[in-house]
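Colleague: I've got a two-chain model open and I'd like to learn how to read it. Could you walk me through it?

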Amino acid sequence: MVSGGKQFRKMFGAHIKMMFREKQVWFWNIFFPIILMSIFMVIFGSGGSSDFKAKIAVVKTVQSQDVDRLLAQLHQIPVFEWKSEQPVPAAQADAWIRAKDIDAAIQLPGSGDVKTIRLIVNKETQFNATSQAVSGVLNQFIQQANMAAAGVQPAFRLDTSAISSGSQDLSYKDFLLTGMIAFSLAQGGLFGMVDLVEMRRKGLMKRLRMTPMRMGLYGLSSMLVRFVLGVFQILCLALIGVLGFGAHLHIHIPTLIAAFFIGSLAFNAIGYLISSFSKSLEAYMGVANIASFVMMFISGIFYPINNLPNWLLAVSHALPLTYFVEGLRDGMVYGSGMATADFWLGVAVLAAWGTVAYLLGSILYRRSKMTSS
Amino acid sequence: MSILEVRGLRKTYGPITAVHDISFEVQAGEVFTIIGPNGAGKTTTLEMIEGLQEPDAGAITFDGLTWAKDAERIKFRIGVQPQSSAMFDLLTVEENLDLFATFYPKSRTTAEVLEMINLTEHKKKRVKALSGGQKQRLAIGLGMISDPEIIFLDEPTTGLDPQARRNIWDIILKLKTMGKTTILTTHYMEEAEKLSDRVCIVDQGRVVSLDTPAALIERLTKEREVRLTFQDGEEAAIATEQVAQNQPTVVRTAREGTTLQLWTVQPEETLYGVFGFTKERGYRVEQVSIREMSLEDVFIAFTGKEWRD
């Protein structure tokens, strides 16, 4: 009898070859998450608030001391970049706005009793972030100017700062990087079981049942290979995130391993469940895509879930990816360790998802085996 | 010595009975071929014998072993090449054989099997890159890797070109010289005739006939189909059919409207008797024909169905 160990080693070797020879695996598990992460990093990850700049010009219609003082104060605002240091005529400012040479023009008050400061922006960009930000900055500026004019000292002041429990420098990049790692691991599990559908369609399952092969060993070696792929995914994304985009990680190894292990098992179990009722590759991909798509947007991969409306937040709290991504962040950026109730709640939810999916899948498989002719 | 004994197999799926009653014995070392039209119950029968499906009634014994008690030991002793060439597409020929070898307590060396299925040159090729015939040979190779006593080949030559078919025949004949027992299904009568020691014709879930190919052909070539068409309506055909059935030379009859078909081992004698009757009754016979039997007719004669789907 070939020993279990040798049989297992051979099966593991065969599974490794099959996994890494499949181009689809490379694309969906490695390249696709890297591309997605890079796009998000470039779009959303590059600007901290200190990097924000808006290009403006100032229009002055009358000469007065008040207006000159306002102009001097506007020059103090660091986020404004001046197209022209000196005020320009209204027509020139209009032309620049139309040509989008500047983000906004500020028209200083004219003569008269009501002193109005006008903000002129391009209609096309009226609602974009820069216009909104300029408007906000200007509003605040006017408030302060009013208070100064009335001789009032402000009683309250807002000072915004973001903190994380473990590290001081948690940025969106770190958040996104860990989100993408969780997402790609979940993808690996959700989509990875498609080969079971193919094996069944081609009659390979039946073929293997005619041999004395030990199904348990086969499944185990296959799962182990999926863990290897998972480690590879974490390494690739983490290296690119840290070296390419300057993300910071605070890794707590036991927490990371625990979250990775339980999460991978849970998502592979969900993939197994999908494979149990999908008769074709297309059917499997359809279901897996829906599952992945829904979770991608409401599980806190790209942005924190606190921004979601309440009813959607409730949905999010039922999904496994929400807990998986939090668990991974516990192990990779928050540095909070395993000794928190939240972490173990996440583990419990993932374990529940995995167990239910696996049991349901097994029942469906047994049933289809009995009715197949 | 019989190595496989099948007794009274029966299998139903809801209202459909796929296998009514199938019994046969396979002798050690013979090539035993099962033929039958599509839907005859061949695949169901094979799958029950291979342990994939449980029969509703009947018994299967491999040299005294049964699926209920000795599943693992039976699996060690049989090799299977299923109809769909089920293997790992992303592995090479050699890797597939290596992997399957680990499933068994004893196995042939990969090199030996590669030699037998004539794929040594292609052993580094992935399954995806193989031709239909090469794939089929690998499927047989996977069935042989454990050096089984009994090997099941389910339509190994379907869809192959004549040269590729011949290559498979060579493998089957090689297995025979090695003393292995082969259970074969096929769509080609020529193949059944060339390779088999015995042929079992199955139709509608029953064994219709079981004999050596030579005996089957002899039986059939002795029979001639005589066709008579009557001018005087159906009752003439019905009355004549009844008379013909009483003749010892007539094997079988069939009637469709005013056309009567008789299968007889002595056409001359049969016609003499039949015409005596029709003359006496005054039935007018419009057409008479005697057909020579081809091998395809052999099959149709037994099953009443077209040979190929």
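Colleague: Let's start in chain A. Which strands does helix α4 (residues 90–98) of chain A lie across?

Modeller: Helix α4 (residues 90–98) of chain A lies across β1, β3 (104–107) and β4 of chain A, and runs at about 160° to β1(A). Bear in mind that this is a predicted model: local features need pLDDT of at least 70, side-chain atom pairs count only at pLDDT 80 or more, and totals for chains, interfaces and linings use all residues. Residues are numbered from 1 along each chain as its sequence is written, with chains lettered from A and ligands numbered from 1 in the order in which they are written.

Colleague: And how were the elements and angles defined?

Modeller: Helices (H or I, at least four residues) and strands (E, at least two) are DSSP runs, numbered from the N terminus. Axes are lines fitted to C-alpha atoms, for helices over the stretch in contact, and angles run from 0 to 180 degrees between N-to-C directions.

Colleague: What is the strand order in the open sheet of chain A?

Modeller: Strands pair if DSSP finds at least two bridges between them. Here the 4 strands run in the order β2-β1-β3-β4 (chain A), with mixed pairing. The edges are β2 (80–82) and β4 (118–121) of chain A, each with a single partner strand, so one side of each has no neighbour in the sheet. From one strand to the next, the twist averages 40°. Looking at one pair, β1 (residues 54–59) of chain A and β2(A) are parallel over 3 bridges, and A:I56 has A:W82 as its bridge partner in β2(A).

Colleague: How do I read a hairpin, say β11(B) with β12(B)?

Modeller: Check the pairing, then the turn. Strand β11 (residues 250–256) of chain B runs antiparallel to strand β12 (residues 259–264) of chain B, joined by 6 bridges. B:E256 stands opposite B:T259. The hairpin has 2 residues between its strands, and B:G257 in the turn has a positive phi of about 60°.

Colleague: Now helix packing. What should I look at?

Modeller: Two packed helices are described by the angle between their axes and the distance between the axes. In chain B, α3(B) and helix α5 (residues 132–144) pack at about 25°, with axes 9 Å apart. They are therefore roughly parallel (under 35 degrees; over 145 is roughly antiparallel, 65 to 115 roughly perpendicular and the rest oblique). The contact is made by B:V93, B:N96, B:L97 and B:F100 of α3(B) and B:L138, B:G141 and B:L142 of α5(B), where contact means C-beta atoms, placed from the backbone, within 7 Å. These residues divide into 5 nonpolar, 2 polar and no charged (Ala, Val, Leu, Ile, Met, Phe, Trp, Tyr, Cys and Pro are nonpolar, Asp, Glu, Lys and Arg charged, and the others, Gly among them, polar).

Colleague: At what angle do α1(A) and α3(B) pack?

Modeller: Helix α1 (residues 4–21) of chain A and helix α3 (residues 93–101) of chain B pack at about 150°, with axes 9 Å apart. That makes α1(A) roughly antiparallel to α3(B). A:K10, A:A14 and A:K17 meet B:E95, B:D98 and B:L99, giving 2 nonpolar, no polar and 4 charged residues.

Colleague: How many residues does each chain bring to the contact between chains?

Modeller: Chain A brings 21 and chain B 24. On the side of chain A that touches chain B, α1(A) supplies the largest share, 7 residues. That side divides into 8 nonpolar, 4 polar and 9 charged residues.

Definitions and conventions
Contact = placed C-beta atoms within 7 Å.
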